[in-house]
Amino acid sequence: MNCEIVAVGSELLTPYRQDTNSLFLTDRLLQLGVNVAFKTIVGDRLVHLVNAIRVALGRTDIVITMGGLGPTEDDLTRQAVAEALGIRLRRNPEIVGALYARFAARRIQMTENNARQADVLEGSVVLENPRGTAPGQWLDIVYGEHRKLVILLPGPPNEVKAMFDAQCMERLREVVPRRSIAFRTLKLAMIGESAADARIAPIYTKYKDVDTTILAHTGDITLNLLCAKVDMETAQARVDELASKIEEELEEFVYATEADSLEQIVLYYLGMHGATLAVAESCTGGMVAQRLTSISGSSRSFLGGAVVYSDQLKTTFAGVPASLIEANGAVSRQVAAALAEGIREKTSATFGLGVTGIAGPGGGSDEKPVGLVYIAVSDGKQTDVVEKRFPGDREHIRAWASQQALDLVRRRLK
């Protein structure tokens, strides 16, 4: 069965409020084998709400609305659903009485508009809301000769979660055909989205029963594989088979087969080898260290390091000879190597990592343009240096550089 989630509220169409409820609902629905095919955000205008609900009813089996059940004039969800379905609203005296009792218990006088929350769709089941004043509603109807479920939920996240878990999950289990959904996630580093897809599309397109999605973000790609079957064993076998073939094709780029981040994997490899790491960062300004130290327990493998933005501090903290900087420039293969070697020696770490580059927007030249970054990793015996030219603005160049730096360490440890 397919579902559409309709988030109601003009505030969700501004930069200041995000819809997080649909993430929770999507997780719960997938557990039941329900595919969320659409998510829609609609402002507080009756005509727009009615149209959105009619569209949702026409293309999915289950429609879940969130928000617009309160007492104010812009809480229009009940009215919109009634108009879309051509059914009546009736005021439920028991709910009105419960509202009065709730306000009285708090010694607050209930204003008349609160009674709007007691307007119930004809034929619906009322879903109690112990965490708020607006009850939800459950409607099992025939629309366009097809069975449809329409579920009205309140907007506040604590009310949505409690109501859905307590009063909707079991009802849906009784209605939804048994379906098991298996997931696999593959994480890739430092390969372009188009390059990755060009190599694996011939593989995953043969698996028509597995949904494959590719999400790209600054040197990081997440491949999500999803398969729904009658039983979990069959579904899991399909996604595992596809994942194995993709891993074989993109082996050098795959750093995780779960949702782990690149920094988690680097720390895992360091721990597995009983190794430690220290960093000397110039253009990334401590971004690599920040990513590593965001992981709990990172101190077991990550010793620390230095942000060596000036030439003087490259010499003072990482032991880079001033003559080397003068001869080659601060942004050079030689200085990156010296940063990695010097910080390793200064800290007695197993590995040293050095990063130097031009993040822009100024400071570039024809010979050394903005986006040029050198990254080095050294264990005292061997020093590897990579040269990259990253696209984008300052923020993106620094993010790309930190990703490349961590991936270089990963590849060295793998």
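Helices (H or I, at least four residues) and strands (E, at least two) are taken here as DSSP runs, numbered from the N terminus. The structure is a predicted model, in which local features need pLDDT of at least 70 and side-chain atom pairs count only at pLDDT 80 or more, while totals for chains, interfaces and linings use all residues. Residues are numbered from 1 along each chain as its sequence is written, and side-chain values use heavy atoms, with hydrogens and water left out.

A handy place to start is Thr-60, in the loop that runs between helix H2 (46–59) and strand E3 (62–66). Thr-60 has a relative accessibility of 1%, so it counts as buried (buried means under 20% relative accessible area, exposed over 50%, and partly exposed in between, with a 1.4 Å probe and protein chains only). Leaving aside residues up to four places away in sequence, Thr-60 is in contact (heavy atoms within 4.5 Å) with Asn-2, Cys-3, Glu-4, Ala-37, Phe-38 and Lys-148. A polar atom of the Thr-60 side chain also sits 3.4 Å from the backbone oxygen of Ile-62.

Another loop residue, Val-176, is found between H5 and E9. Val-176 is buried, with a relative accessible area of 9%.

Now for the cores. In soluble globular proteins, nonpolar side chains tend to be buried together. A nonpolar core is a set of buried Ala, Val, Leu, Ile, Met, Phe, Trp, Tyr and Cys residues joined through side-chain atoms within 4.5 Å. The largest one here has 33 residues, and those with the most contacts inside it are Leu-270, Leu-277, Leu-292, Leu-353 and Val-373. Elements that each supply at least two residues of this core include helix H8 (262–273), strand E13 (277–281), strand E15 (351–357) and helix H13 (394–413). H13 gives the most, with seven residues. As for Leu-270, its contacts include Leu-277, Phe-351 and Leu-413, not counting residues up to four places away in sequence. A second, separate core of 26 residues has Ile-64, Ile-151, Leu-153 and Leu-172 among its members.

Helix H3 (residues 77–85) has seven of its nine residues buried, so it is largely enclosed by the rest of the structure. Among the buried ones are Thr-77, Arg-78 and Leu-85.

Charged pairs come next. Counting a salt bridge as a side-chain nitrogen of Lys or Arg within 4 Å of a carboxyl oxygen of Asp or Glu, a search of the whole structure finds 21. In one of them, Asp-165 pairs with Arg-28, with the closest N and O atoms 2.7 Å apart. Asp-165 belongs to helix H5 (residues 157–175) and Arg-28 to helix H1 (residues 21–31), so this pair ties together parts that are 137 residues apart in sequence. Glu-247 and Arg-184 form another bridge, at 3.7 Å from N to O. With Glu-247 in helix H7 (residues 232–249) and Arg-184 in strand E9 (residues 180–189), the pair ties together parts that are 63 residues apart in sequence. Glu-247 is partly exposed at 27% relative accessible area, whereas Arg-184 is buried at 16%. There is also a network of salt bridges linking Glu-252, Asp-407, Arg-410 and Arg-411.

The largest pocket has a volume of about 450 Å³. On a 1 Å grid over the protein atoms alone, a pocket is an open set of points where a 1.4 Å probe fits, with protein on both sides within 12 Å along at least five of seven lines, and lining residues have an atom within 4 Å of a point. Grid points are joined across faces, edges and corners, and the volume is the space filled by probe spheres set on the points. Of its 29 lining residues, Glu-11, Gly-67, Gly-68, Gly-155 and Pro-156 are the closest to the centre.

Finally, some backbone details. Most residues other than glycine have a negative phi, and most peptide bonds are trans. Arg-107, not a glycine, has a positive phi of about 55° and is exposed, with a relative accessible area of 81%. Thr-218 also has a positive phi, near 40°, but is buried at 16%. The peptide bond from Gly-360 to Pro-361 is cis, with omega near 5°, and Pro-361 is in the loop between E15 and E16.

Key
A polar contact is a pair of N or O atoms within 3.5 Å; within protein, one must be able to donate a hydrogen and the other to accept it, and residues adjacent in sequence count only if both atoms are side-chain atoms.
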